[in-house]
Amino acid sequence: MTSFNTDIQFLKGVGEKRAEILKSKGIDTVGALLRFYPRDYIDYSKTTPISECPFDQNVCIRARIVTDISEERKRPGMVLYRFTADDGQSLMEVVLFNQKFLASRLHRGSEYLFYGKLGGSFIMRSMSSPEITETGYNGIHPIYRASGSLTSKMIERLIRNALDSELPPDPIPESVRESNGLCDLRFATQNIHFPRSEESLERAKKRLVFEELFILQTGLLMLKSGRRAQSGAIIKRDCSEEFGNMLSFSLTGAQCRVIGECVKDMMSGRLMNRLIQGDVGSGKTAVAAALCYVTVKNGFQAAFMAPTEILAEQHFNTLCSMLGRSGINVSLLTGSLTKKQKNEIKAQATAGNTDIIVGTHALLTDDVAFDRLGLVVTDEQHRFGVAQRARLAGKGNNPHTLVMSATPIPRTLALIIYGDLDISIIDEYPKGRRNIETYVVNSSYHTRIYNYIKKFIAAGRQAYIVCPLVEENEELNMKSAADYYEELSAGVFKGYSLGLLHGKMPAKQKEAVMREFKDGKIDLLISTTVIEVGVDVPNAALMVIENAERFGLSQLHQLRGRVGRGEYQSCCILVSDYKSERLEVIRKNNDGFKIADEDLKLRGPGDFLGSRQHGLPDLKIADIYADSQVLRTAGIAAETLLNEDPSLSLPENSALKSSIDALYSKMIQN
Ligand code: ADP
Ligand code: MG
């Protein structure tokens, strides 16, 4: 008998060749096949009359074939089979592509079930390549994500064979199943593929979604409590008020609250692992500076990391100007220094003469040995996942960790991406920050837009134009930064100082362009989304975003946050020839959290954060947005269980423990 761990090749019906195809889809064991869930189901007991079918949605129609099946050879390798079917009230045409075997088994005069999308015209509805089944079929049937020679029907057959296998012990402990009304693994596996009824399918789904989110969250909580148990530098004196008094502005209520939350962590004797979420412009840097101040005044050193050199330099300048009068010693370590300069700075850090070192993430990999490192601040780290953080945490001594993210992530998602961190939110903007006027226009407005840009430049301001592409040939009809730059420099903006910035440029060159823009030497910067992250050019007051429909909502919001950072009334123009609700969301809202929520709803978590950038494991069945209720109950269940058995050492929890280990070792490998 096969078991969950049996190599897929040895499952009945597979063999060497199919095994290869299955393995290329990540299905390498019988267990993985059983976890290959249907993408949809056909309910053959629910049929719809042809005349009442909605357009372009999957429907099931019961109809009789009323014509012969014609065969048309379109070109070599392409044969169409065509016939008409009648459901007693209306007719529809059915077309099959190259499905000789299927066509040969259909008979004029017999009745079948047709599952697929109905299209065609009002006069003649049609279905192409539907699933066709004998009417004797009943109940709910799975549809699998087919690909190439691997059809849904074949996967179905293999799964039927696999269902005889021995299942592993249930990863959800019985007590948890009981208190949450969940079915067991056997029932769930059977019914997610071949549901006995709609209720059984719901029960199976509920359990599997719960399982996925439960394993994930239990693992995150263990990671979190493991870190909490570690001790960190003890801060004895809360001197954050002194810091506030040195500033030229007064901190917002939210900034003060978040500083307080962090200081409390750092005074507790345990290690701080905290995320600060705050929209662009909410003033995260000042919060980080306050904590660096407190750390240093208590006799420790701090490290401040940014994703790019330019941001590191910006933070360095901010820290110097905020802390300059306090006698605190800040230094900047970047890749552009000579080896000798670097060594000198490192030596100072090791000797304990430097209080704060600012640098890029390379600070972590660089062999900087601190004398008494108390705090590490990481800016804009939303591209780091749980796994990376786990890896970083393993490095050297145990400083407090503060992560700052400008991507407002909806709470549900934050629970998973940052589930190993405590979260503080800055939900207030500094006073006097003006709203950025936002407009949505189509491309017929270009002349007016160019004039508007010139007006801004004439007033001494700078502007951005953001394009979705680097080079033209990638896709048609879309503005590319490089070509647009050429076009504008030689045309409308001849005589102006233009700059070009995109991700394919070498890092050094990018930094150089950004610096020129910062120094006011460039009036108009044509760019791709590389400017998205954190750069502060207060004099830039206008942003034009071309092909705005191509960007995610959160991304548009981030981009827009590059303007409105100074004292000038700022403006953002979204150019798009498509009417869309989405752009209206941006136009009407300035609240990043609200926008993020809409975005997540529209696109799902994968797209929301950009592919593979989020460090989230691939969820097979759970949908963080749709299943947010289950996410919560599974989180509570995880917490309850860990209260009783923090290290999952009881025998009834050992299956859960191994599932968590397997999941996290896979995530860390990725
Ligand atoms: P972000 O959260 O996007 O990183 P920054 O820390 O760069 O935001 O702050 C944006 C701007 O707001 C900076 O110029 C900063 O000096 C200013 N700022 C921060 N806090 C305050 C405040 N409480 N009052 C007025 N200006 C502030
Ligand atoms: Mg910032």
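## Burial and overall build

Buried residues make up 51% of the 670 residues in the chain, where buried means under 20% relative accessible area, exposed means over 50%, and partly exposed is whatever falls in between (1.4 Å probe, protein chains only). This is a predicted model, so local features need pLDDT of at least 70 and side-chain atom pairs count only at pLDDT 80 or more, while totals for chains, interfaces and linings use all residues. Residues are numbered from 1 along each chain as its sequence is written, chains are lettered from A and ligands numbered from 1 in the order in which they are written, and side-chain values use heavy atoms, with hydrogens and water left out.

The secondary structure comes to 23 helices and 22 strands; helices are DSSP runs of H or I with at least four residues, strands are runs of E with at least two, and both are numbered from the N terminus. Along its principal axes, the C-alpha trace spans about 90 × 70 × 45 Å. As for contacts (heavy atoms within 4.5 Å), take those in the chain with a separation of 6 or more: 73% of them are between residues 24 or more positions apart. The chain exposes about 31200 Å², and carbon and sulfur atoms supply 49% of that; accessible areas come from the Shrake-Rupley method with a 1.4 Å probe, and for residues only the protein chains shown count as cover.

## Around ligand 1

There are 15 residues around ligand 1, and S250, Q255, G281, K284 and T285 come nearest. Here a residue is near a molecule or strand if one of its heavy atoms lies within 4 Å of it. By type, the shell divides into four nonpolar, seven polar and four charged residues.

A nitrogen atom of ligand 1 sits 3.0 Å from a backbone N or O atom of S250. On the oxygen side, a polar backbone atom of G281 is 2.6 Å from an oxygen atom of the ligand, and a polar backbone atom of G283 is 3.1 Å from an oxygen atom of the ligand. Taken alone, ligand 1 exposes 560 Å², and the protein buries 79% of that.

## Salt bridges

The structure holds 24 salt bridges, each one a side-chain nitrogen of Lys or Arg within 4 Å of a carboxyl oxygen of Asp or Glu. One of them pairs E111 with R62, with the closest N and O atoms 3.5 Å apart. E111 lies in strand β6 (residues 111-120) and R62 in strand β2 (residues 58-65), so this pair ties together parts that are 49 residues apart in sequence. E111 is partly exposed at 28% relative accessibility, and R62 is partly exposed too, at 34%.

R82 and E93 also meet through their side chains, at 3.4 Å from N to O. Because R82 belongs to strand β4 (residues 78-86) and E93 to strand β5 (residues 91-97), the bridge ties together parts that are 11 residues apart in sequence. R82 is partly exposed, with a relative accessible area of 24%, and E93 counts as partly exposed at 24%. Then there's E242 with R237, at 2.9 Å from N to O: E242 is partly exposed at 32%, and R237 is partly exposed at 41%. Elsewhere, salt bridges that share partners join R35, D170, R177, R207 and E211 into one network.

## Residues to look at

Two residues other than glycine have a positive phi. N98 has phi near 55° and is found in the loop between β5 and α3 (100-104), where N98 is partly exposed at 41% relative accessible area. L648 has phi near 50° and sits in the loop between α22 (628-644) and α23 (654-669); L648 counts as buried, at 4% relative accessibility.

D422 is in strand β16 (residues 422-426) and is buried, with a relative accessible area of 17%. Leaving out residues up to four places away in sequence, D422 touches K224, R228, N273, R274 and L275.

Methods. A polar contact is a pair of N or O atoms within 3.5 Å; within protein, one must be able to donate a hydrogen and the other to accept it, and residues adjacent in sequence count only if both atoms are side-chain atoms. Ala, Val, Leu, Ile, Met, Phe, Trp, Tyr, Cys and Pro count as nonpolar, Asp, Glu, Lys and Arg as charged, and the others, Gly among them, as polar.
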